[in-house]
Amino acid sequence: MKKVFLFFILLFYISSSFGLLPILTPLEVAPPTVILISMDGFRSDYWDRAKTPHFHELIKRGTIADHLKPVFPSVTFTNHYSLVTGLFAENHGIVNNSMWDPVSRKNFEIQDADAVDEGVWWEGEPVWVTAERQGKRTASMFWVGSSAEIKGIRPTYWMPYDQAFPKQKRIEKVLEWLDLPSEKRPQFITLYFEDTDLAGHRYGPDSEEVTQAIKALDDSLGQLVAGLKIRGLEKSTTLILVSDHGMASVKRSDRLLLNDYVTTTEAKVVGKGALVFVWPVSKQAELAILKKVKNKTGPFQLLLKEKMPERFHFSKHRRISPLVFLANEGWYWETGLLPSIKPTVFGMHGYDNISPRMQAIFLAVGPDFAENKKVGEVENIDIYSLLAHLLKLRPANTDGNYQRIEKVLHSKE
Ligand code: AMP
Ligand code: ZN
Ligand code: ZN
């Protein structure tokens, strides 16, 4: 008898170490977990681009929105941080991927890990901070902002961002966290993939490479769902699949050079791509720039901070420059003295957030969501309120509206 008992203990131990069984004592029930997954640059019409059985299984099992409306500007850092704070750019401070702060006089670039990890850039309260403060553990398999201490708090588990970290390993990490004993197991987990954004920029949204990236993400989702199934967590776990923005094709022939309108002696120029911040060195320099724009129009808009369209919610923050050069969709700013020899960008985002090409995705599966349900638009800034509801948290103040997103829930048929 003793031998049989030892045999089972050994079997349990071996299965657990190989990730075949969750390390749960028989009476322990896993608390409900929410996994927020972002597929960067996954446009709202990408669902049917390839044979994607796992996406379609989830669509059948859950609730899908026609699209998720990004905030302005439709770039990665701004939108990922809006998703987890429920705030517009002007209220959370990540007003673009590249910024300059006129008070600290510091620069922020997404490739600069020291800047990205500096808590002072990140205002508002990401949902993992709300959760940790209210006694719930959180984990981040990458998310914009998760490697910085915000209000003195990071997720319990997090990893420094590494674009080369394989998708399979990211999923294994999430499953590992779910295998932790209940007092250590996170109830909220983020998971991030950049594939569709990278392929979209390099080859354009209509390319075969984007289709391949969509397929690869479908495989990864299949791997995650299989891991949940083995652990008996498939039904109790909520998956919320979102993206930050869409992608537009860019013109390959004509170029848009900022240098035609702004010289480095006239202003500090911050960023490139769809949106460029211009900080004139003096009133005189600002007038000179305005005159050039008046005399030579082009496929762009010069947005004045003082007269920003209200719907952008993009005027309050000190990191928004007095002049914002916004390329028309299909164009992007080059900021060198001359055009680059060979264009390497065939897809771009960052444009007006109501453009159909900039729309992102929302799909939710889990105990709170109806099967096979379709809703219209969901707004980026309402996701925080939804997460707070699912995690039973007292939410921080946001720009979002819980009543507006309630329609995605099962109980609100
Ligand atoms: P963009 O297309 O310029 O808006 O930015 C997309 C890029 O952001 C991706 O290629 C990622 O490599 C990068 N990125 C995403 N998440 C992070 C992060 N947490 N830290 C640093 N870079 C990130
Ligand atoms: Zn992005
Ligand atoms: Zn991008």
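These questions and answers cover a zinc site, a helix and a domain interface in a predicted model.

User: Which residues coordinate the zinc ion (ligand 3)?
Analyst: The donor distances run from 2.0 to 2.6 Å. In sequence, the donor residues follow the spacing D-x3-H-x147-H. The residues are Asp197, His201 and His349.

User: How many residues apart in sequence are the parts that Asp197 and His349 tie together?
Analyst: Asp197 sits in helix α8 (residues 195–203). His349 sits in the loop between β16 (347–348) and β17 (362–365). The pair therefore ties together parts separated in sequence by 152 residues.

User: Is Asp197 buried or exposed?
Analyst: Buried means under 20% relative accessible area. Asp197 has 9% relative accessibility, so Asp197 counts as buried.

User: How many residues of helix α3 (residues 76–85) are buried?
Analyst: Helix α3 is mostly covered. Its buried residues include Phe77, His80, Tyr81 and Leu83.

User: What area do domain 1 and domain 2 bury between them?
Analyst: The contact takes 14 residues from domain 1 and 14 residues from domain 2. Of the buried area, 58% is on carbon and sulfur atoms. In domain 1, Phe72, His201 and Ala248 lose the most area to domain 2. The two domains bury about 1,100 Å².

User: How many residue pairs are in polar contact across the interface of domain 1 and domain 2?
Analyst: The interface also has 1 salt bridge. On the domain 1 side, α8 gives the most, with 4 residues. The number of residue pairs in polar contact is 6.

Key. Residues numbered from 1 in each chain as written. Chains lettered and ligands numbered in written order. Predicted model: local features only at pLDDT ≥ 70, side-chain atom pairs only at ≥ 80, totals over all residues. Heavy atoms only, no water. Donors = N, O, S within 2.8 Å, 3.2 Å for Na, K, Ca; no water. Helix = DSSP H or I, 4+ residues; strand = E, 2+ residues; numbered from the N terminus. Buried < 20%, exposed > 50% of the residue type's maximum accessible area, 1.4 Å probe, protein only. Contact = heavy atoms within 4.5 Å. Buried area = accessible area lost by both parts, 1.4 Å probe. Salt bridge = Lys/Arg side-chain N within 4 Å of Asp/Glu carboxyl O. Polar contact = N/O pair within 3.5 Å; in protein donor to acceptor, adjacent residues only side chain to side chain.
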